[in-house]
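Dear colleague,

Please find below the structure for your review. My notes on what was found in it follow directly after.

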Amino acid sequence: MVGYTVLLVDDEEDVIQVIMKKIDWESIGFSVIGYAGNGLKALEMVEEYQPDVVMTDIKMPYMDGIALANHIKTDFPATKILFFTGFDEFEYAKEAVHLEAEEYILKPVNSVELTEVFMQLKGKLDQEIAEKRGVEILQKYYMESLPLLQADFYTSLIEGRIHEDEIPKYLSDCQVSFDGPFFSCLVIYTSSSETPGDMNPLLLSTSVQKQAKEHLAQKWQAKCFSYLGNTILITQLKNKNDISELTDECDRFCKYARRMIGAVVTVGIGSVCSNILELSQSYLNAREAVSYRVIYGASRAINMKEIAPNKMSRPGTANTMVLSNLFKMIRLGSQEDVIQAADKYLMQLAFPKKSLQQHHLDIMELLSEFYRFSLNHDILMQEDSTDDIGKLYSKLLDMEPDALREWLISSSLSFRSKMISARNKSTKSFVVNAEEYVHNHYGEEGLSLDCVCEALGVSNSYFSTLFKKETGNSFISYLTDYRMDRAACLLIETNEKSYMIAKKVGYTDPNYFSYVFKRRFGVSPSKYRTEHAENKK
């Protein structure tokens, strides 16, 4: 039996308690994950738990049920809404229908009637999940995937095998268009080791591709195809800044895929480009971003621009695959991985019967790529390598194999250590800047997560994960606590009215300010002031 979650919302707690006790939730396939006394608190819980069903009263303080349903349908369209209220005015009913509510139930709630409503709703939810997991539908979709000609064209683009003068003919022959004016490549990776039940990993990957087309492709005019076991999306953006919104949407998609079809999905997001011929570089960035799941975790979107400590790496054309792997291990691997990659490169370097001239060229290539890597990531070479590049080149030419190995491993490990330090410093800097922004703007009513992310130039999903990881608290909770702490100081240090203090800390509604303050300190603002005034005496 599939278990679904329910959130109950009513400002009368006794009504909620009656509903919880009247219904045998487990027997009908549901469980109550919690309840809220107003729409604002409910919206926070929906964001955190993403329940399958929200059963809400209409008339409540701070945010009524209609406004709550509007927010839920916008941000969590898969969530089902049930209204129950003592207000049976026709206009409320019409609004509930407009919001595609599953049912409109009048108080007092009858347990038999309510049980029947939830049993019908369970049947609808079962059918939706069955449709998404149906093997026959997945197999049919797999057979009807993108035409071979288009898939070959998209694959050629990300592999960099198409010349500029060939583009018009390809677009005409494949009947596709790239309006842009900006583009970004996404790599959608589906874990084959974590699958629901006995589902075939290939069928699961196909299901993820279908869901990606439904949730991402239309809005971003994306070209969707399979490549090397992953789903690839070539997205089109109206402006460069849309990449933050795309990142957040991909992050929500990962959570949706985990909840609805049981797939563990990671989306890598490549660099933004203005020419489709540059998609090969964007694809490389996206593929590398997916690799960072070992650091940042799966079931999320990873934007390569956000996680790189500084500039994006631009590999030189002279790089060999083995040398590229060494740099990859410097960025992502352990110390042992770096040493193994360095030894593998040196084995490649020491192929038999090569001339002295070839050896000189190999050393020049190695040194130039190390310098390019250090410049692209703002990393200084080791202190003993601060001579100009000509002197260091001569020094490396004279080194015997063992000495060259020692230099290569030492330099590589030094780069790895500095990148980790830069990444940690960058993370802490984001959090410090966010906290400073709150300290300077907490009195503004409109201060939100969006404001801070816009000021810092990052996506909501990346910033939220980073902030919680560093502070152990969500940004909204931090902002609320800071405002309440400031309000508490003002109550003790000044004689200003509560409504004036509320306005100073960003609340235009004095009642809601009092509600939040009491939730933080356990007493009303006036009582808090009185108690601390008595303590001073």
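Within strand β8, Thr231 is the bridge partner of Ser226. This is a predicted model, in which local features need pLDDT of at least 70 and side-chain atom pairs count only at pLDDT 80 or more, while totals for chains, interfaces and linings use all residues. Residues are numbered from 1 along each chain as its sequence is written, and side-chain values use heavy atoms, with hydrogens and water left out.

Strand β7 (residues 223-227) and strand β8 (residues 230-237) run antiparallel and are joined by five bridges. Strands are DSSP runs of E with at least two residues, helices are runs of H or I with at least four residues, and both are numbered from the N terminus; two strands pair if DSSP finds at least two bridges between them. Four of the five residues of β7 are buried, so this strand is largely enclosed by the rest of the structure. Here buried means under 20% relative accessible area, exposed over 50%, and partly exposed in between, with a 1.4 Å probe and protein chains only.

Two residues lie between the strands of the hairpin. Leu228 counts as exposed because its relative accessibility is 63%. Gln221 is partly exposed, at a relative accessible area of 34%.

**Thr235 and its surroundings**

Thr235 belongs to strand β8 and counts as buried because its relative accessibility is 1%. A polar atom of its side chain lies 2.8 Å from the backbone oxygen of Ser184. Neighbours within four places in sequence aside, Thr235 is in contact (heavy atoms within 4.5 Å) with Phe182, Phe183, Ser184, Leu186, Trp220, Ala222 and Leu246.

A cis peptide bond, with omega about 5°, joins Gly180 and Pro181. Pro181 is found in the loop between α8 (167-174) and β6 (182-190). As background, most residues other than glycine have a negative phi, and most peptide bonds are trans.

**The parallel sheet**

An open sheet is formed by five strands in the order β2-β1-β3-β4-β5, with parallel pairing. Its edge strands, β2 (30-36) and β5 (103-106), each pair on one side only. From one strand to the next, the twist averages 20°; axes are lines fitted to C-alpha atoms, for helices over the stretch in contact, and angles run from 0 to 180 degrees between N-to-C directions.

Strands β3 (residues 53-56) and β4 (residues 80-85) are joined by four bridges, and Met55 has Leu82 as its bridge partner in β4. Helix α3 (residues 65-75) packs on the sheet, where it touches β1, β3 and β4, and its direction makes about 175° with that of β4. Helix α2 (residues 39-49) lies across β1 (4-9), β2 and β3, and runs at about 140° to β2.

**Nonpolar cores**

A nonpolar core is a set of buried Ala, Val, Leu, Ile, Met, Phe, Trp, Tyr and Cys residues joined through side-chain atoms within 4.5 Å. The largest one has 51 residues, of which Ile19, Phe30, Phe118, Val265 and Val267 touch the most other members. Helix α10 (residues 242-261) gives the most to this core, with nine residues. Apart from it lies another core, of 39 residues, including Val431, Cys453, Phe463 and Ile501.

Residues up to four places away in sequence not counted, Ile19 touches Leu8, Trp25, Met55, Phe84, Val109 and Leu114.

**Leu413 and the chain as a whole**

Leu413 is placed in helix α18 (residues 401-441) and counts as partly exposed because its relative accessibility is 23%. Its contacts beyond four places in sequence are with Gln335 and Val338. Between Leu413 and Met329 the C-alpha to C-alpha distance is 9.8 Å, while 84 residues separate the two in sequence.

The chain has 24 helices and 10 strands, and 46% of its 537 residues are buried. Of the contacts between residues at least 6 apart in sequence, 68% join residues at least 24 apart.

With kind regards

Notes: A polar contact is a pair of N or O atoms within 3.5 Å; within protein, one must be able to donate a hydrogen and the other to accept it, and residues adjacent in sequence count only if both atoms are side-chain atoms.
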